[in-house]
Amino acid sequence: MRTYVAKRLLLILPTLLGVAAVVFVIMRVIPGDVTLLILGGDQTGRIDPQQVAAMRHQLGLDRSIPVQFGAWLWGVARLDFGTSLWTGQPVIDEVMVRLPLSLEVAVLATIVSVLLAIPFGMLAAVRRDSWVDYLIRLVSIGGLAIPSFWVGILVILFLVIYFGWGPPLEFTPPWVDPWANFQQLVWPVLTVGYRYAAVTTRMTRSTVLEVLREDYIRTAWAKGLRERAVVIHHALKNAMLPVIALVGTEFAFLIGGLVVTETVFTLNGVGRFVVDAVAHRDYPVVQALVFLIAFCFVMVNLLIDLTYAWLDPRIRYH
Amino acid sequence: MTTRPRPRSVGFTLLALALLIVSLVAFGPRLLQAADTPRHGGVLLAVIGADPPSLDPHQESTFANIDMVAPLYSTLLQIDPYNYPKIIGDLATEWKISPDGLTYTFKIRSSVSFHDGSPLTSADVKASYDKIIFPPAGVRSVRKNAYSAVTHVEAPDASTVVFKLKFPSASLLDNLASPWNVIFPKKYLDRDPNYFKTHAIGSGPFKFKSYTRGSTFEGERFPGYFVKDRPYLDGYKFYISPETSVRAAAIRSGRAYVEFRDLPNAEVEAIKKQLGDKVTVQETPVTGAWGVSINNTVKPFNDVRVRRALSLGIDRYTMARVLAPLTGLRYVGALMRPGSEWGMPEAELEKLPGFGRDIEKNRAEARRLLAEAGYPNGLKVVLKNRNVKLPYQDFAVFLIQEWHKIGVEVEHRPLETAAWFSDGQDTGNFELIVSPAVEFMDEPDQFLGRYATGSTQNWGRFSDPQLDDLFSRQARALDPAERKRLINELEKIVLQKAYYLPGLWWSRNFVQWTKVKNYVAPPNYYTNQKLQDVWLSED
Amino acid sequence: MSVNYPLVRTAEPAPLSPPLTFAREVASFVRAKPLGAVGAFVILAMLVVALLAHTLAPYDPYLADYSAQFARPSAEHWFGTDEFGRDVLSRIMYGARIALFVGFSASFAGCSLGAMLAVLSAYRGGTTDILLERLMDILLAFPQLILALAVASILGAAVHNVVIAVAIPIVPRAARVVRATALSVKQNPYVEAVHALGASHARVVLRHILPNVMAPFIIMLTAQLGTAILAEAALSYLGLGTAEPTPSWGLMLSGSAPAYAEKAPWIGLFPGMAISLAVFGFSLFGDSLRDVLDPKLRGR
């Protein structure tokens, strides 16, 4: 087991490096840089080539790409993610302003989705091909089919038109003012949670279905156990593995992936920050955020794989 | 039954009437005023679509910067908030221009203090302008080139500032009224000229309270402000929300009282429908226009016939009618804003190619020109654009439709802002590219500089010595009538040769809750942001 | 799906029912999986509309009628007109072409590439496997936005570039699924036996592994169809997808459609419904297809 863990940990490094390198190169290949944006402003700036050159030199953008990459790697090794090209502030500070909100939304949305998905998924599987199953499947597909950016806008419009109410525009942490925090986050959490519940419900349904076909379940039926005992005590445990895997990967995605939700609900989170940083060609911020998100993703995958390996010895000797 | 009024009651009645009239005359105006007496207190809540790279207006060009920090600072001169484009003093109480136009002397008002308590003197003004006009290494000054006429700035005594020029500049006074030229305390500039990128200490009506990047910006009342009894507000707060519909919804729900930039017509209609009188909309023309830059160095656009054909193919009057409700692009004009003191009269404008009223005739002429230039079967072009919907995309959709009618097939390539700047301004890698011109006032130097050879804003990369000559002459023409004549000539050449394709001039919808009082929307979102005289009639 | 095992052949069970004709297969599918049938119907309808758009559409989707901006749905314009006076119904019909093109191309390209890499990886094992797994991990962890941005910036915002931007994230996901199946097939004793009897690598892959990974491949393909359409819509919303005036559903839904939501709700409503319906159809059909194809679920 230990060798398996060690091997897996080692393999993370090349993945992260690979992602970092690819992003690094791509960002610099895309036309445009931060100097043009700052000097150009909205469209009223005067982009004086001399000032551009001076700025580029100041920001270290005129060095060759391998040199820049090397410098960045060296910084990361010392846990220094550099300073933002857009604001001149340390990247870590910028990220920490936004991270708590994204984390809170991700956690709450995951809880909501799990609370909805597991019971409904099980129900749909157990009552396969009945109207209950069809209804649950239709509602879950509905959650996936409607484009996410529309759901958010529709929610806001609905609230404003019929109640003349809009959510608060700034983030207050739950320990400062829980009511304000709730008001701002309830809608995005429900919107995102519903969407992820849809995905997770479908997965739960299919894994439970698979497990219900197994021989040991048939034995349990034959033994005369009641449905609840069979399903919950026998089937559920085994069906949960893939579901947990899914929930884990979705959670990792939630940290930096909620761009549209954050824009629509005026949430100052990591997703929007990534988009802005990319638009601003703020390389250090993009690097740091991509690194962070890839790291979360890879760690979650590792944890899942370790859980699988721990539960299923066959995998370890792969 | 009639009774004759008795003499004594007549007398009383007359006396009462007289007293009534006298009191009305004496106190009436004040009674009316009482309803409109500015109320002290309240925090102005605003929504804004972005936040700026830094807080130093000398180094930024985005409305996100100036809208948020303008209330914290004073400038030497300003545009009268209630009387655009009149220039009045802010820190300057009076000024003299020497007869040869090479010396500008300003008197600074006394007993102005900065937010940290220190007094403001001419040394601070000189230090701030030195930073703008002669920035030290490592400090950018975006508008430096507007002051190329200035040789140096002097502060002979604590309340006088003198600008010395090497040639007369008709626009200097206007440029000195720029909202971006805020006055910083010298002692911080001496320590670190980039200090104000992350700090804000000024002499404005409000002082800096807090800033959470991506989220909020707050200022609070400065009790030591040099204008007595101002500001009326206790403070102001900007919420940053990048999506336009969401900002409109924030106004509707009352989470914010004002949006200082612009909201599209459709949103404004919906807001008015829901809130009625609680909301006031000021529609103002904007000192800005959208057009298309043609790359004059690339075939076939180096052929004036092709360029002129493209201009003839645009029915600008229909465009104004169609795009106004969608985008606010509304006014047909040349290179200076129609309706401003420099705008070209309609009669002259209609004679220029692309501005005539008979569109069928124009289209026929366009096709003929294209055939003559060697494209009888039409032309394929690539139009690059910025991938922002309003007004860029809608403007392009209309143009594409128009050019289709003269046989020009357009491939539309929206680009992200950074790539758009790169292709348009940096590398010149385009055939046609949508490019706007928006400034903080109708200032000929600022608007027309882009038609001079080698200007960094000359995206079309054309060079015409006549234009260069006219431009430098108008820049020095101190007589407004002569200046206007030169400007119109310049415009005619640009439009005859179709170096650049003007589109339409812009208008914006400024939306505020009616309880926000005493704010007159200027023709752009850069000026009148100090909020000195704004008050809230209720919280 | 039947697989040819040249040497290991089980005795065929005696046919208990006559072999099903295509029509009867369809009928039994409809009866067994009504939701899937609905999905299939939706897809077919979309295909028909897309193919026949030039005959079915009442107007040219690019034609802007300035006298009829924001026209309500009426006899003249069944779905109304948009802000430029373009007929929404015609744009929806032509939009089906783009949606299906993007959906099918991206999904097919992504899944095929993913499946090929997965089979290669599973079959060769060893270093190839490790390297390809790393590559797939990198692609999986890679934010799609930056990728789409890169493609849009370098190649330009156009439909075929959107396909590339949408296809690439599909590759690792398809690879993951197919690799698991390919591995399990490879580890089956009969494959070893076939090897021992001298079958070449190509033969083993083509005749044994590929047929068995068909099922998860097809499942992935249909699953990603809907995702691809949604991805195109999201990219157009961010300005990185198709460019105006192309009548793509995602583009019609983005930008100012929220601003017109009260003044002219049909501008956003119909593209939104079209996208939802398409994804609905693909998902329902895909689900049922998986139920049918997945041997474990066949309930035998």
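Ser111(B) is exposed, with a relative accessible area of 69%, where exposed means over 50% relative accessible area, buried means under 20%, and partly exposed lies in between (1.4 Å probe, protein chains only). Ser111(B) sits in the loop between strand E5 (103-108) and helix H3 (122-133) of chain B, and its phi is near 50°, a positive value in a residue other than glycine. Helices (H or I, at least four residues) and strands (E, at least two) are DSSP runs, numbered from the N terminus.

This is a predicted model, in which local features need pLDDT of at least 70 and side-chain atom pairs count only at pLDDT 80 or more, while totals for chains, interfaces and linings use all residues. Residues are numbered from 1 along each chain as its sequence is written, chains are lettered from A and ligands numbered from 1 in the order in which they are written, and side-chain values use heavy atoms, with hydrogens and water left out.

A positive phi also occurs in chain A, at Thr266(A), where the value is near 50° in a residue other than glycine. Thr266(A) belongs to the loop between helix H11 (259-264) and helix H12 (270-279) of chain A, and at 3% relative accessibility Thr266(A) counts as buried.

**Chains B and C**

Chain B contains 16 helices and 19 strands. The radius of gyration of chain B is 27 Å, close to the 24 Å that the globule rule gives for 539 residues, so chain B is as compact as a globular protein of that length; the radius is taken over C-alpha atoms, and the rule is 2.2 Å times the number of residues to the power 0.38. Chain C, in turn, has 11 helices and 0 strands, so that its elements read α-α-α-α-α-α-α-α-α-α-α from the N terminus on.

The table sets out values for these chains. Accessible areas come from the Shrake-Rupley method with a 1.4 Å probe, and for residues only the protein chains shown count as cover. For the charges, Lys and Arg count as positive and Asp and Glu as negative, with His and the chain ends not counted, and the place of a charge is taken as NZ of Lys, CZ of Arg, CG of Asp or CD of Glu.

| Property | Chain and value |
|---|---|
| C-alpha box along the principal axes | Chain B, roughly 100 × 80 × 50 Å |
| C-alpha span along the principal axes | Chain C, about 75 × 50 × 25 Å |
| Buried residues | Chain B, 62% of 539 residues |
| Buried residues | Chain C, 56% of 300 residues |
| Accessible surface | Chain B, about 20200 Å², 54% from carbon and sulfur atoms |
| Accessible surface | Chain C, about 13600 Å², 68% from carbon and sulfur atoms |
| Distance between mean charge positions | Chain B, 4 Å for 67 positive and 60 negative charges |
| Distance between mean charge positions | Chain C, 12 Å for 21 positive and 18 negative charges |

With contact meaning heavy atoms within 4.5 Å, residues 24 or more positions apart account for 71% of the contacts in chain B that have a separation of 6 or more. The corresponding share in chain C is 72%.

**Nonpolar cores**

A nonpolar core is a set of buried Ala, Val, Leu, Ile, Met, Phe, Trp, Tyr and Cys residues joined through side-chain atoms within 4.5 Å. The largest such core has 282 residues, and those with the most contacts inside it are Leu44(B), Tyr129(B), Phe163(B), Leu323(B), Trp403(B) and Trp249(C). Helix H13 (residues 283-311) of chain A gives the most to this core, with 16 residues. Apart from residues up to four places away in sequence, Leu323(B) touches Gly328(B), Leu329(B), Asp394(B), Phe395(B), Phe398(B), Leu504(B) and Phe84(C). A second, separate core of 26 residues includes Tyr123(C), Val178(C), Val194(C) and Val213(C).

**Local features of chain B**

Tyr211(B) lies in strand E8 (residues 206-212) and, leaving aside neighbours within four places in sequence, is in contact with Asp51(B), Pro52(B), Leu55(B), Met68(B), Thr216(B) and Phe217(B). The C-alpha atoms of Tyr211(B) and Lys237(B), 26 residues apart along the chain, are separated by 9.6 Å. Lys237(B) is also among the residues touched by Glu218(B), together with Phe208(B), Lys209(B), Ser210(B) and Tyr236(B), again not counting residues up to four places away in sequence. Glu218(B) is found in strand E9 (residues 216-221) and is buried, with a relative accessible area of 16%.

The peptide bond from Lys299(B) to Pro300(B) is cis, with omega near -5°, and Pro300(B) is placed in the loop between strand E12 (279-294) and helix H8 (304-312). The bond from Leu390(B) to Pro391(B) is likewise cis, with omega near -10°, and Pro391(B) lies in helix H12 (residues 389-404) of chain B.
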